[in-house]
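Please look over the sequence and the model shown here. The report that follows takes one topic at a time.

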Amino acid sequence: MVIPMKVIDLTPRGYCHGVLNALAMVKKVIKTESYPRPIYVLGQIVHNKKITEAFNAFGVISLDQTGKTRYEMLDEITSGTVIFTAHGVSKQAIEKAKQKGLVVLNATCRDVTKVHRAVEQKLEEGYEIVYIGHKNHPEPEAILAISDSIYFVENERDVLLLPNLLSEKKLFVTNQTTLSMYDIESVLSILKTKFPHYLFDNEICHATTVRQEAVMKQDKVDLMLVVGDTLSSNSNKLAFVGEHHQKIPSKLIGGVEDIDLAWLKGIDSVSVTSGASTPTKVTEEVISFLKQYKENDPTTWDHQSKLELIDIL
Ligand code: SF4
């Protein structure tokens, strides 16, 4: 008798409140004719290609130009409604959009707004700011637009390049909401040797934290699948935490179609989680496939997605 593979559905996983809010905002604009057309989203409303494609099918134009800031991308827009994404936006970009006569909607997550407030407050109190984040991600872009006196660091090397004069200043350190504690700890330990007087405010959001904790607390399995987009910071972190800290072979997949059947050969157990911007139905399709999969039965091997764009939303 063939023993079926054990499939563990980790919880919590999937959508967070910031993503739900952003999706609801775009859906409302699509349904409400009084919002002027065209409808633009600057960047991807949340970092998931399937969601972006689904909204595009409803006429939403997602402007995402590598190397350009939200502020610069506004040059392309002359009329309509513009929606800023959950990752946050600079005040300058909002002002520019309003001056162009666009209808402006801001889907910035409240957890991201909290970091903006903390940075603004500490600047007013005379602190220099060190912000830990990922290069080319929209969340740091908006934070760095607050002031020229914010130092951006991604890794230990960046910390070593910080000017020595910071040792004589009040120093406030904070971070992008979707990092892992492991990214932050390595940067903080170098900071500690250079500027031991810094004040630190951990801003990894609750949604990111509890999803990572679920990965850390799981029993050992042969494989973990993280359903999420390659652009999604929090999805990448889930795979990183699984692979490097739980020592479980971990794969990031966009959906069931990305599963390589070679990964499932000879394994007894697989766990599944998903990033905060991954549609629930996409993750459910992965779990359903794994539950019926049998290595010795080719009739269970079909893993093409059957989801329609409308299912994604
Ligand atoms: S991952 Fe965290 S910061 Fe980002 S949208 Fe979700 S709750 Fe907000």
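## Strand 8 and its partners

Strand 8 runs parallel to strand 9 (residues 199–200), and 2 bridges join them. F172 stands opposite L199 of strand 9. From strand 8 the chain passes through helix 8 to strand 9, and this β-α-β crossover is right-handed. Right-handed means that, with the strands pointing away from the viewer, the path from the first strand over the helix to the second runs clockwise. Strand 8 also pairs with strand 6, in the parallel sense, over 5 bridges. Here I132 stands opposite N175 of strand 8. Strands count as paired if DSSP finds at least two bridges between them. Helices (H or I, at least four residues) and strands (E, at least two) are DSSP runs, numbered from the N terminus.

A buried residue has 20 or more other C-beta atoms within 10 Å of its own, an exposed one 12 or fewer, and a partly exposed one a count in between; C-beta atoms are placed from the backbone. In a regular strand, side chains alternate between the two faces of the sheet. In strand 8, L171, V173 and N175 point one way, while F172 and T174 point the other way.

## Basis of the model

This is a predicted model: local features need pLDDT of at least 70, side-chain atom pairs count only at pLDDT 80 or more, and totals for chains, interfaces and linings use all residues. Residues are numbered from 1 along each chain as its sequence is written.

## The ligand shell

Which residues come nearest to the ligand? They are C16, G18, C109, T177 and C205, out of 15 residues around the ligand. Helix 1, helix 5 (110–124) and helix 9 each give two or more residues to this shell. A residue is near a molecule if its C-beta atom, placed from the backbone, lies within 6 Å of it.

Helix 1 gives the most, with 3 residues. By class, the shell holds 8 nonpolar, 6 polar and 1 charged residues. Ala, Val, Leu, Ile, Met, Phe, Trp, Tyr, Cys and Pro count as nonpolar; Asp, Glu, Lys and Arg as charged; the others, Gly among them, as polar.

## Helix 10

Helix 10 has 13 residues. From first C-alpha to last it reaches 17 Å, close to the 18 Å expected. The expected span is 1.5 Å times one less than the number of residues.

The buried residues of helix 10 include L238, A239, V241 and G242. The buried residues pack against helix 8 (181–194), helix 9 (206–217), strand 10 (223–227), strand 11 and strand 12 (269–274). Contact here means C-beta atoms, placed from the backbone, within 7 Å.

## Backbone details in the loops

K247 counts as exposed, with 9 C-beta neighbours inside 10 Å. N136 has a phi near 65° and sits between strand 6 (128–132) and helix 6 (138–144). N136 is exposed too, with 11 other C-beta atoms within 10 Å.

Cis peptide bonds also occur. One joins T11 and P12, with omega about -5°. P12 lies in the loop between strand 1 (6–9) and helix 1 (17–31). Another joins R37 and P38, with omega about -5°. P38 is in the loop between helix 1 and strand 2 (39–42).

How values were computed
Contact = placed C-beta atoms within 7 Å.
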